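Welcome, and please take a moment to look over the structure below. This briefing then walks through it topic by topic.

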Amino acid sequence: MSLPPQLLRALENFRDQAKDAIWALSSCLCQQTPKVKINGRTFQIIKVLGEGGFSFVYLAQDEHSGRQFALKKIRCPTGSQAVKEAMREVEAYRRFKHPNIIRILDSAVVQDPEGEGQIVYLFLPLYKRGNLQDAINANVVNGRHFPEQEMVRLFKGTCLAVRAMHEYRPGTPRSAAAAKNAAAAAGNNSNGTAGRSQPAQHEEDDDDDERFPQADGDAEGGYSYDGPSASQPLVSRQNRLEEENVVFDGDEELAQEQGQGKPTSEIVPYAHRDLKPGNVMIADDGKTPILMDFGSTMKARIHIENRSQALLQQDIAAEQSTMAYRAPELFDVKTGVTIDEKVDIWSLGCTLFALAYSHSPFENTQTTEQGGSIAMAVLNAQYKHPQSAYSQGLRDLIDAMLKVNPAERPDINEVIARTDRVLQSLA
């Protein structure tokens, strides 16, 4: 008798978690620091930073340079299809370029040393202040709350990152900038001068330049390179080609949608689909929110033509989107409707509520302690604001986003405009 797919995934996930836990435990007992070798470089695994699904995030340190990174490890036990799905996350990181969106430093796909499928590694910046959920937890422990102005500013930065996704235009700005940079480089070389593009082009860098991280923990999401290796990418293309266990690393979907790098004015909205405090890092300046974790990201507008497609979208949402922040239309997907980027607006409402009151609007005493259903609370928008000193404008902003009917929710530009009005009232 065959097991249901969801149960199989759960069993595989449990097996992988146990495998990583045993690895970490054995390393501690032996008083050894676990290491991984990726593309010719050795990294020490200092500790686990987080886990979820088939992935673990580690604090990793380059043995040669001493630089530290957040190393995301995604197990792909089911073969090439799982690798392709994992690489969609890599492509999403490279697709969106914005000061409030994390920048991937590099990636690699290698054979699992135990011979069971492949492993995708993502090298990401390390933000020492953690994420907004960490800040919420600290507030609970210390019996405090965010000052309203600080909280709303963090929320606005998160909204700006979301707008970059909802208003994404294939081929711009990156492809246009890449063409300009290439032309500039060609012009320099024709004069016998080798060099990179002028500093003015820095914010519109091409993909290869992303491998040269910026100042440690800055808003662009990078690291500084000092010393002799300053001109070297984190993981060189040459090493990729020479390393036998690298089986795939590409940006197939990204390359296809950007075509030949010709800019287009057509907006192709993408939805994050798992917006929550835990997926918003805090930059080292303590003020800049950095949106991350694009494993659930997809093109926003999906028309549901039949029951089979509806059930598929429900399953995807159940697997990839956190229940307490998931939009109601993803709990009970109807046929004949179009799911769109308004799912993120709902999640933003839940996120702002959590920043204000330290929990999602649908994680309350009734749902967490009295056996109530989070799904039913979401579907009926059953929540209420706790007593607080926060302004009525903030409460109204949250309420505007938490409308069961997606058509009644504001779009991201209206959310930003409303957020600005709240900030102005607090000045």
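A residue counts as buried when its relative accessible area is under 20%, and as exposed when that area is over 50%. Phenylalanine 353 is therefore buried, since its relative accessibility is 0%. Please keep in mind that this is a predicted model.

**A strand pair**

- Strand S3 covers residues 55–62, and six of its eight residues are buried, so the rest of the structure largely encloses it.
- S3 runs antiparallel to strand S4 (residues 68–76), and seven bridges join the two.
- Across this pairing, leucine 59 stands opposite alanine 70 in S4.
- Five residues lie between the strands in the hairpin of S3 and S4, and there glycine 66 takes a positive phi near 85°.

**Salt bridges**

- Side chains of opposite charge can pair when their charged atoms come close.
- Arginine 41 forms a salt bridge with aspartate 62, with 3.1 Å between the closest N and O atoms.
- Arginine 41 belongs to strand S2 (residues 41–52) and aspartate 62 to strand S3, so this pair ties together parts that are 21 residues apart in sequence.
- Both partners, arginine 41 and aspartate 62, are buried.
- A salt bridge also joins the side chains of lysine 72 and glutamate 89, at 2.7 Å from N to O.
- This pair links distant parts of the chain, as lysine 72 is in strand S4 and glutamate 89 is in helix H2 (residues 80–95), 17 residues apart.
- Lysine 72 and glutamate 89 are both buried.
- Lys72 and Glu89 also belong, with Asp293, to a network of salt bridges.
- The side chains of lysine 276 and aspartate 274 meet in a salt bridge as well, at 3.9 Å from N to O.
- Lysine 276 has 21% relative accessibility, so it counts as partly exposed, whereas aspartate 274 has 9% and so counts as buried.

**An annotated lysine**

- Which feature does UniProt place at Lys72? The unreviewed UniProt entry gives a "binding site" there.
- Lysine 72 lies in strand S4, and because its relative accessibility is 7%, lysine 72 counts as buried.

**Aromatic rings**

- Tyrosine 93 sits in helix H2, and phenylalanine 294 is in the loop between strand S9 (289–291) and strand S10 (298–299), so the pair ties together parts that are 201 residues apart in sequence.
- Tyrosine 93 is buried, with a relative accessible area of 1%, and phenylalanine 294 is buried with a value of 1%.
- The rings of phenylalanine 353 and tyrosine 357 are edge-to-face because their planes are at 65°, and their centres lie 4.7 Å apart.
- Both phenylalanine 353 and tyrosine 357 are in helix H9 (residues 342–357), where they are four residues apart, about one turn of the helix.
- Tyrosine 357 has 7% relative accessibility, so it counts as buried.
- One aromatic cluster is formed by Trp346, Phe353, Tyr357, Phe362, Tyr383 and Tyr390.
- A charge also meets a ring in this structure: the charged end of arginine 326 sits over the ring of phenylalanine 331, 4.7 Å from its centre.

- Helix H4 (residues 148–166) has 19 residues and reaches 26 Å from its first C-alpha to its last, close to the 27 Å expected at 1.5 Å a residue.
- The buried residues of H4 include Met151, Leu154, Phe155, Ala161 and Val162.
- Methionine 292 has its place in the loop between S9 and S10, and it is buried, with a relative accessible area of 16%.
- How far apart are the C-alpha atoms of methionine 292 and alanine 161? They are separated by 9.6 Å, although the two residues are 131 residues apart along the chain.

Note on methods: Residues are numbered from 1 along each chain as its sequence is written. This is a predicted model: local features need pLDDT of at least 70, side-chain atom pairs count only at pLDDT 80 or more; totals for chains, interfaces and linings use all residues. Side-chain values use heavy atoms; hydrogens and water are left out. Buried means under 20% relative accessible area, exposed over 50%, partly exposed in between (1.4 Å probe, protein chains only). Two strands pair if DSSP finds at least two bridges between them. A salt bridge is a side-chain nitrogen of Lys or Arg within 4 Å of a carboxyl oxygen of Asp or Glu. Rings of Phe, Tyr and Trp (its six-membered ring) pair if their centres lie within 6.5 Å; planes under 30 degrees apart count as stacked, over 60 as edge-to-face and the rest as tilted. A charge sits over a ring if NZ of Lys or CZ of Arg is within 6 Å of the ring centre and within 35 degrees of the ring normal. The expected span of a helix is 1.5 Å times one less than its number of residues. UniProt positions are given in the numbering used here, feature names are shortened, and annotations may be inferred rather than shown by experiment.
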